[in-house]
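This report describes one protein model together with its ligand.

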Amino acid sequence: MDFEGKVAIVTGSGSPHGIGREITRALTEKGCNVVVADMNLEGAQKNADDLNTEFGCDSMAVSVNVTDADSVTAMFEAVFAKYGRIDVLCNNAGITQPVAIADMTKDDFMRIMNVNLVGTFLCSKLVVPYMVKNSYGRIVNTSSVSAKCGGGVYGGAHYCAAKAGIIAFARAQAMELCKRYKDMITVNCVCPGLIATDIRAELSDEAEKESRAKQAMGRAGTAREVANTIVWLASDEASYISGEDVNINGASYFG
Ligand SMILES: NC(=O)c1ccc[n+]([C@@H]2O[C@H](COP(=O)([O-])OP(=O)(O)OC[C@H]3O[C@@H](n4cnc5c(N)ncnc54)[C@H](O)[C@@H]3O)[C@@H](O)[C@H]2O)c1
């Protein structure tokens, strides 16, 4: 896989141990120019600086709130102004909340839907004109195994619904884009199972223990194992795959 000359934006890539950071590293290793985009600008800048120091590349950090259309537009404008193209968008920003439906407020529900689903909608919609400019695009969304089998209290039903919505939205967008642009832009999702990252800091020790006990391989997945699949879906090699969702859960769940 060769990403030389290509430009990828990875949202939610500003945390120190997250899946997003690992996606930016895996893409950079393949020659891609990477934009580290996050609401946490300090974290994004640190990750971009690390990439530039380690790989001698020209990575850029951008502050973005994926729930805000103006902020998303400003991000795409800034990236296009610097690199003149946007080839890959990884919609990876996400939040979860360990709460049972009985205790869930409407504000809880809307907050989780906003970041995970509305954020994916806004970024996926607003990036298309930039991809069309260069007749090429790959959109890869981070959904979750929770979209398919429920998340229990540690996943939260609102999180499950948002992540399932991402899969349905991606299928619809994949079909719309194919009808209009043939094979120019593909849209796919990954559905990670239990992955060792900071997002799980929200979970109680008991919930963490319970979710680890369910892992068929006896371990959580790594952020790199998720990133590897995302990079492949973002590559030229995956040119006839669109509207698909790929499970990454070490045989813990099939579906
Ligand atoms: N870790 C897991 O077990 C697991 C499993 C399945 C899916 N996922 C998904 O993977 C993705 C990455 O999660 P992670 O585990 O690396 O977590 P993480 O907390 O390390 O990363 C999430 C990032 O999203 C950013 N973010 C939050 N709200 C934002 C907003 N409004 N705008 C822009 N950025 C925002 C955060 O600042 C953070 O850097 C998420 O979508 C998550 O739902 C994680």
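Strand 6 (residues 185-192) and strand 7 are paired in the parallel sense, with four bridges between them. Two strands count as paired if DSSP finds at least two bridges between them. Helices (H or I, at least four residues) and strands (E, at least two) are DSSP runs, numbered from the N terminus. Within this pairing, Pro192 has Ile248 of strand 7 as its bridge partner, and Cys189 has Asp245 of strand 7.

The model is predicted: local features need pLDDT of at least 70, side-chain atom pairs count only at pLDDT 80 or more, and totals for chains, interfaces and linings use all residues. Residues are numbered from 1 along each chain as its sequence is written, and side-chain values use heavy atoms, leaving out hydrogens and water.

Strand 5 runs parallel to strand 6 and is joined to it by six bridges. Ile139 stands opposite Val187 of strand 6.

How many residues of strand 6 are buried? Eight of the eight are, so strand 6 is largely enclosed by the rest of the structure. Buried means under 20% relative accessible area, exposed over 50%, and partly exposed in between (1.4 Å probe, protein chains only). The buried residues lie on both faces of strand 6: Ile185, Val187, Cys189 and Cys191 on one side, and Thr186, Asn188, Val190 and Pro192 on the other.

Contact means heavy atoms within 4.5 Å.

Ala48 is part of helix 2 and counts as buried, at 1% relative accessibility. Leaving aside residues up to four places away in sequence, Ala48 touches Val36, Ser59, Met60 and Ala61.

**His158**

His158 lies in helix 7 (residues 157-181) and is buried, with a relative accessible area of 0%. Its side chain makes a polar contact of 2.7 Å with the side chain of Gln97. A polar contact is a pair of N or O atoms within 3.5 Å; within protein, one must be able to donate a hydrogen and the other to accept it, and residues adjacent in sequence count only if both atoms are side-chain atoms.

**The ligand**

Of the 27 residues around the ligand, Ser15, Ile19, Asp38, Tyr159 and Thr197 come nearest; a residue is near if one of its heavy atoms lies within 4 Å.

| Residue | Polar atom | Distance |
|---|---|---|
| Tyr159 | side chain | 2.6 Å |
| Gly193 | backbone | 3.5 Å |
| Ile195 | backbone | 2.9 Å |

Taken alone, the ligand exposes 830 Å², and the protein buries 92% of that. Accessible areas come from the Shrake-Rupley method with a 1.4 Å probe; for residues, only the protein chains shown count as cover.
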